[in-house]
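User: Hello! I am new to this structure and would like to learn how to read it. Could you guide me, feature by feature?

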Amino acid sequence: MSEAAIRLVDLKKTFDGNDFVLKGIDLEIPKGSLTAVIGFSGTGKSVVLKHILGLYKPTSGKVEVMGTDISTLKPDDLTKFRCNFGVLFQSAALFDDMTVLENVCFPLLEHRRELSKKQVLEIADQKLRLVGLDSKHDHKLPSQISGGMQKRTGLARALALDPEILIYDEPTTGLDPILTEMVDNLILDTHKLREGTTSVMVSHDLYAAFRIADYVAMLDAGRVLLWGTPKDFEKSDIELVRKFVDKGMKHQ
Amino acid sequence: MMTVLTSVRNKTVEFTKEVGDMVLFLGESLRLIRAKPSRFPEIIQHMEFIGNQSIGIIMLTSLFTGLALSLQIYLGFKIVNMANLVGPTVALGVSRELGPVLTGLIVAARAGGAMAARLGTMRVNEQIDALDVMGVNTKQYLITPRIIAAVLCMPLLTAVFDFVAMVGCWFLCVYLVDLDEAVFFSRINDLLELRHIMEGLFKSAIFGLIFAVVCTYRGFFTTGGARGVGEATNRGVVLSMVLIIVLDYFLSSLIRIFYISVGITG
């Protein structure tokens, strides 16, 4: 296996000092892979994700991203470090007072100040076309485009700085089956196009996870129940995993 | 009885903690003033919203405040045959108290409420999280420019309020109750000093700081969806207004003490 882009070591988290949401997560996400983190609601998927992004500090344990223990970084250093991430949020989280084009230009204007306005527009245009968004939508506000287009814009924005790590936070939750498949394909195509980029998808969509991910980590009750390839999941004897796999097969 | 005392104690502890958090929040936001990149364009954008877009409502309210206040003072002063002091009385009252306080209350309700609602919506829609993970310092981008813009705009809006209120006073005295225009201006010139106006402008800058910190704090830490946004806006505006009125008294007292200490009376 190649070196780890993200390494979680005995990661524990409690918000109130008593109940542990994460009870010791050990997980290594290989560089350049597309890894899906799956599990029932309330098993700690989003909490794991927020630790990877440095939005939460672990109660104990370590969160290493590209060899850096981000839980020990000072706030200003963490802010700079986050330029390595591109995130597609469940809601797309587009800035509603900016147009589609301005949303994609925003990270470039913030972090690539050496670029001319023309260069910024060129890069933004390139990213929007990469995710398959037509230029006629460039000057529309997020409220004027469909949910699928918002996801595409969110992905174009996440790609703007050419990040080392792409994170998808429940990208297909709440979407219809056709749109779900479109977003799944978009994630897969983007991953294939960007060799070397590590992608992490948090999802409870098993079908998508098994279809597009190189590796799958299944969480249960704040721990990693199983980590492996989709084939490892198919072969697993663990009862809960079997239930998941059967459900996944039924979808296929 | 114990329940009431416990409740009062808990509320006091909660309020003190919140004020402490707001002071830290302000400190962090001010620390970021000189951080790169420069937020000058954002400051201008917020000044346009807080200042320029508030001028209309400030002019309207100040005109009628000036008219109403002048009318009441005229009716009272006429009884004791001191109607020619209406101008300076209104000028002193408006420049030192009513101007900064009413401007603070109006702008807190209009711009402060909008700030809390905007930031609250950004929080519940994950837009602030998106900025965070994009490597943008959210306090430097969202909070610091709003605080600076509020502090800069409030004295300007208060100056507009003072001026328009005095226009209302002049109109009532000269055209509606037929006082002598020359006496009106000469009495104001005799009794109103620059320091009275500056005192009001100084207070208004503090009020700008208060409502900007309270409303951005409430909005920035909103939780709980649409209901949370409503609560953040409501609590932000109400607390700002209460603090403006309470602090006005203490600021006025401190200014009096300062005047006495440097030998100025009146």
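Analyst: Two residues are in contact if their C-beta atoms, placed from the backbone, lie within 7 Å. In chain A, among contacts with a separation of 6 or more, 67% are between residues 24 or more positions apart. Please keep in mind that this is a predicted model, where local features need pLDDT of at least 70, side-chain atom pairs count only at pLDDT 80 or more, and totals for chains, interfaces and linings use all residues. Residues are numbered from 1 along each chain as its sequence is written, while chains are lettered from A and ligands numbered from 1 in the order in which they are written.

User: What scores does the model have, and what is the mean pLDDT of chain B?

Analyst: pLDDT is the predictor's confidence in each residue, from 0 to 100. Chain B has a mean pLDDT of 94, with 100% of its residues at 70 or more. The model scores are ipTM 0.84 and pTM 0.87.

User: How many helices and strands does chain A have?

Analyst: Helices (H or I, at least four residues) and strands (E, at least two) are DSSP runs, numbered from the N terminus. Chain A comes to 9 helices and 10 strands. The radius of gyration is taken over C-alpha atoms, and the globule rule is 2.2 Å times the number of residues to the power 0.38. For chain A the radius is 18 Å, close to the 18 Å that the rule gives for 252 residues, so chain A is as compact as a globular protein of that length. Its C-alpha trace spans about 55 × 45 × 35 Å along the principal axes.

User: Which strands make up the open sheet in chain A?

Analyst: Two strands pair if DSSP finds at least two bridges between them. Here the open sheet has 4 strands in the order β2-β1-β4-β5 (chain A), paired antiparallel. At its edges lie β2 and β5 (68-69) of chain A, each pairing on one side only. Strand β1 (residues 4-14) of chain A and β2 (residues 20-30) of chain A share 8 bridges, one of which sets Ala4(A) against Pro30(A). These two strands form a hairpin with 5 residues between them, and Gly17(A) in the turn has a positive phi of about 90°.

User: Which residues of helix α3 in chain A are buried?

Analyst: A residue is buried if 20 or more other C-beta atoms lie within 10 Å of its own, exposed if 12 or fewer, and partly exposed in between. Buried residues make up 43% of chain A. In α3 (residues 100-111) of chain A they include Val100(A), Leu101(A), Asn103(A) and Phe106(A). Their cover includes α4 (117-130) and α5 (147-159) of chain A. For contrast, look at Ile245(B) in helix α9 (residues 225-261) of chain B: with 13 C-beta neighbours inside 10 Å, Ile245(B) counts as partly exposed.

User: What does Val87(A) touch?

Analyst: Leaving out residues up to four places away in sequence, Val87(A) touches Leu53(A), Ala158(A), Ile167(A), Asp169(A), Ala130(B) and Val133(B).

User: And how many residues of each chain are in contact with the other?

Analyst: Chain B brings 12 residues into contact with 16 residues of chain A. Ala, Val, Leu, Ile, Met, Phe, Trp, Tyr, Cys and Pro count as nonpolar, Asp, Glu, Lys and Arg as charged, and the others, Gly among them, as polar. On that basis, the side of chain B that touches chain A has 5 nonpolar, 4 polar and 3 charged residues.
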